[in-house]
Amino acid sequence: MLNLKKLENSKLNTEPFSYIVLKDFVQNCFLNSARNDYPDVPGPGSHPPDGLTIKGGFKSLMDELLGESFRSVIEDKFKVELSDYPCMYTVRGFCRARDGKIHTDSTSKIITVLLYMNDDNWPSDKGKLRLLNNGSDIENYFEEIAPTGGTLLVFKRAENSWHGHQSFEGSRRAIQINWVQKQPFASREQRRHKLSSTIKKLFN
């Protein structure tokens with residue numbers, strides 16, 4: 001399902017931090033299957049797979065994203081060893097107006113992977129992820145990424161890996177994968193997201 005050869009041949013940007021942006025990373029013949037089986041999330045925010053229905057084309061996609069072949073390409077591109085580090089993932093389906101605030105990601109994260117699963121034409125000028133030159137100005141960006149289906153962003157967490165997006169409210173599907181420094185952090189994050197997801201289910 002994944003165009004690993006395209007990822008292998010893609011450009012690694014190293015300034016101001018290390019990142020890759022790649023369109024059409026999920027091969028077109030499989031993308032709709034994964035989108036059709038995208039899990040129903042109970043509300044905005046990040047949701048761990050525990051508590052969601054992971055099936056069909058979406059499960060096949062996640063099996064490849066969490067597999068050794070994808071990890072190996074990431075290791076080679078970013079010159080980092082990940083096999084000994086825990087991996088976690090969450091799923092997003094909706095965006096709140098208050099989401100997208102500027103941040104760098106937690107210091108416990110090593111690599112962040114974002115794979116967007118929306119329609120092929122993003123319907124708004126807002127909600128596009130911006131890679132930023134500083135931590136205070138959302139307009140001071142050097143790259144803007146429309147969250148269209150199959151678009152991949154991978155970056156190595158750094159003190160200056162600033163990113164965020166303009167306020168947007170509505171459907172915005174994204175898979176986030178992280179390799180993290182220690183298992184307790186991954187377990188704590190998964191518990192936190194699971195509790196939040198459970199509360200949203202109750203209120204919905």
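User: Before we start, what does "buried" mean here?

Analyst: Happy to set that out, and please keep in mind that this is a predicted model. A residue is called exposed when its relative accessible area is over 50%, and partly exposed when the value falls between the two cut-offs. Buried means a relative accessible area under 20%.

User: How many aromatic pairs does a search of the whole structure find, and which type do Phe17 and Tyr19 form?

Analyst: The search of the whole structure gives seven aromatic pairs. One of them joins Phe17 and Tyr19, with 5.7 Å centre to centre and 55° between the planes. Edge-to-face needs planes over 60 degrees apart and stacked needs under 30, so the Phe17 and Tyr19 pair is tilted.

User: Which type of pair do Phe17 and Phe142 form, and how many residues apart are they?

Analyst: Here the ring centres are 5.9 Å apart and the planes make 70°, an edge-to-face pair. Phe17 sits in the loop between α1 and β1, whereas Phe142 is in strand β5 (residues 141–145). The pair therefore links distant parts of the chain, with a separation of 125 residues.

User: Is Phe142 buried or exposed, or partly exposed?

Analyst: Its relative accessible area is 28%. That value lies between the 20% and 50% cut-offs, so Phe142 is partly exposed.

User: In what order do the five strands of the open sheet run, and which are the edge strands?

Analyst: The pairing is antiparallel and the order is β1-β6-β3-β8-β2. Each edge strand pairs on one side only, and these edge strands are β1 and β2.

User: Why is strand β6 largely enclosed by the rest of the structure?

Analyst: Strand β6 pairs with β1 over four bridges, and Val21 stands opposite Leu153. Strand β3 and β6 pair over five bridges, with Leu152 as the bridge partner of Leu115. As for burial, β6 is largely enclosed because the buried residues number four of the five.

Conventions. Residues are numbered from 1 along each chain as its sequence is written. This is a predicted model: local features need pLDDT of at least 70, side-chain atom pairs count only at pLDDT 80 or more; totals for chains, interfaces and linings use all residues. Side-chain values use heavy atoms; hydrogens and water are left out. Buried means under 20% relative accessible area, exposed over 50%, partly exposed in between (1.4 Å probe, protein chains only). Helices (H or I, at least four residues) and strands (E, at least two) are DSSP runs, numbered from the N terminus. Two strands pair if DSSP finds at least two bridges between them. Rings of Phe, Tyr and Trp (its six-membered ring) pair if their centres lie within 6.5 Å; planes under 30 degrees apart count as stacked, over 60 as edge-to-face and the rest as tilted.
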